[in-house]
Amino acid sequence: MYPKIHTIEDVAAWQLCCGCGACAALCPDQIEMIDTLEYGRRPRRIGGTTGNSMDEAMAVCPGIRLTRLPKPCDQIGNDQFYEVWGPVLGVWEGYAADSQIRFEGSSGGAATALALFGMERLGMHGTLHIRARDDVPYLNKTVFSVDRGELLAGAGSRYAPASPCDGLSQVESSSGPCVFIGKPCDVAAIHKAIELRPQLAEKIGLTIAFFCAGTPSTAGTLEMLRQMGVEDPASVESLRYRGRGWPGMATVAYRDHENALQRRELTYEQSWGDILQKYRQWRCYICPDHIGEYADIAVADAWHRSVRDHQPGRSVMIARTPRGKAILEQALEKGFLEAESVSPDILPLCRPGQAQYQGGLWARVQTLRMMGAPVPKYIGFGLFGLWRSKLSIGEKIHSILSTVKRFFVKTLYRPRDMILYTVSTNESSKPRQPSEFDKVANHVS
Ligand SMILES: Cc1cc2nc3c(=O)[nH]c(=O)nc-3n(C[C@H](O)[C@H](O)[C@H](O)COP(=O)(O)OP(=O)(O)OC[C@H]3O[C@@H](n4cnc5c(N)ncnc54)[C@H](O)[C@@H]3O)c2cc1C
Ligand code: SF4
Ligand code: SF4
């Protein structure tokens, strides 16, 4: 008998949760999001388990079920293109025209520039997204930014748990449309929430998702800090993972034993490649959407180019809906973005192995099911077809055997407890002073 997913807590316990926070937004009386060390931001029950809102929480959860969007009639690319890349109405390559946004941004600052355009020119009331916590800079918080300065404070990728959907009530209570920026799973949850509560559609004026290879846990960040020479996480004044150059350096500012400000850096290859990616949550290994299929606009690094450290960033932007395409074109016309239309053929170079990954996902899900682990239900992604056509015999065998191995290594055969990660009182009440590091960063015009 397979274990069944009956509650939101089951989703987390069986490691199917991606930490989006949508359940907490839909069911605030019964669920809150907490930080856990090993898994990420996770839902915790604070009230009863039944009722309409709990049903709504289950209905929007991307960890339980995802149904792919149909192929749009104005899809570009050849016949098989949609199968691998989802809805694509146009592809652009470029960057934010505002040089500070480009500099602070993770790649070309496209997400921030598009959100700013929505707010300054399209009457959007604010942007729901995430940024570093002021009191504990290596953790994240959800924010509703209403001007350029607030948006800019959240620019840059944070390879750490974040649950932007938990702030959805700020969008619901806003008097006009808003922008949402998040990972593909965050945007998928927003999409499901709109289906469930159609009145929300008026409040979500633009969704932006970035390509996402996976979210590392807080344990990953702490290991990165340790390798940067930070003995006490409470001494951290600020932490960036990227940006300020492309791909930019992971940079920590912290106080040493003499209270002097120290600064340490790691390259992107060292931080993400050698450390953080090893700490990705399990759901990311069985994620059907690393490329923001549910968003109006998906943004990504222009990895098809060779990147030298500290060069100005470049983004790839994919219009996935007519609304996204119209906003992108207007943002270009009004000078918020500098970009040119490019062939969709660059996408396989930006994210090599996408077709093989999707094919392998079919085998991973089937293997887990046969071994008795609960798995999400994915509808319409055409995964079996990709497994059959895009994987060699060796890759097919590997996709099964590697899953069997992970079933044991990741202990997918039993539910796990979600334990609150406690930040020391000292740390959470620490008043945050602007550091020298911030001052250096803020000199850029
Ligand atoms: C976990 C993670 C995995 C990634 N994997 C890939 C990948 O596989 N391929 C690729 O091309 N790029 C990946 N990126 C990088 C991202 O796709 C690029 O940075 C993207 O081009 C956006 O850059 P930008 O300059 O347009 O965004 P910016 O203008 O810098 O804006 C970034 C926005 O993302 C939000 N944000 C940052 N971190 C998070 C987070 N953890 N959760 C939710 N929102 C967040 C910020 O609040 C900000 O609004 C990843 C980023 C993250 C955080
Ligand atoms: S995936 Fe999102 S909605 Fe589902 S349990 Fe996790 S935080 Fe809640
Ligand atoms: S890989 Fe998928 S599940 Fe994991 S954080 Fe990214 S979008 Fe969410």
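Guide: A residue is near a molecule if its C-beta atom, placed from the backbone, lies within 6 Å of it. The model discussed here is predicted.

Visitor: Which residues surround ligand 3?

Guide: The cut-off just given, 6 Å from the C-beta atom, decides who belongs. The residues that surround ligand 3 are Cys18, Lys183, Pro184, Cys185, Cys212, Gly214, Thr215, Arg283, Cys284, Cys287 and His290.

Visitor: How do the residues of the shell around ligand 3 divide by class?

Guide: Lys and Arg count as charged, while Cys and Pro count as nonpolar. Among the residues around ligand 3 are Lys183 and Arg283, as well as Pro184 and Cys185. The shell divides into 6 nonpolar, 3 polar and 2 charged.

Visitor: Which element gives the largest share of the shell around ligand 2?

Guide: Ligand 2 is surrounded by 16 residues, the closest being Cys17, Cys20, Cys23, Cys61 and Gly63. Two elements give two or more residues to this shell, namely helix 2 (22–26) and helix 1 (8–13). The largest share, 3 residues, comes from helix 1.

Visitor: How many residues of the shell around ligand 2 are charged?

Guide: The shell around ligand 2 holds 13 nonpolar residues and 3 polar ones. The number of charged residues in it is none.

Visitor: How many residues of the shell around ligand 1 are charged?

Guide: Around ligand 1 there are 35 residues, and the closest are Gly105, Ser106, Thr112, Phe210 and Ala213. Helix 6 (110–121), strand 5 (127–132), strand 7 (178–182) and strand 12 (297–301) each supply at least two residues of that shell. By class, the shell has 15 nonpolar and 15 polar residues, and the charged ones number 5.

Visitor: Are helix 14 and helix 15 roughly parallel or roughly perpendicular to each other?

Guide: Helix 14 (residues 354–370) and helix 15 (residues 383–390) have axes 7 Å apart and pack at an angle of about 115°. Angles of 65 to 115 degrees count as roughly perpendicular. The two helices, helix 14 and helix 15, are therefore roughly perpendicular.

Visitor: Which residues of helix 9 make the contact with helix 3?

Guide: The axes of helix 3 (residues 52–60) and helix 9 (residues 184–196) come within 8 Å and cross at roughly 135°, so the helices are oblique to each other. The crossing is right-handed. From helix 3 the contact takes Glu56, Ala59 and Val60, and from helix 9 it takes Ala189, Lys192, Ala193 and Leu196.

Key
Residues are numbered from 1 along each chain as its sequence is written. Chains are lettered from A and ligands numbered from 1 in the order in which they are written. This is a predicted model: local features need pLDDT of at least 70, side-chain atom pairs count only at pLDDT 80 or more; totals for chains, interfaces and linings use all residues. Helices (H or I, at least four residues) and strands (E, at least two) are DSSP runs, numbered from the N terminus. Axes are lines fitted to C-alpha atoms, for helices over the stretch in contact, and angles run from 0 to 180 degrees between N-to-C directions. Angles under 35 degrees count as roughly parallel, over 145 as roughly antiparallel, 65 to 115 as roughly perpendicular and the rest as oblique. A crossing is left-handed if the near helix is turned anticlockwise from the far one by less than a right angle, and right-handed if clockwise. Two residues are in contact if their C-beta atoms, placed from the backbone, lie within 7 Å.
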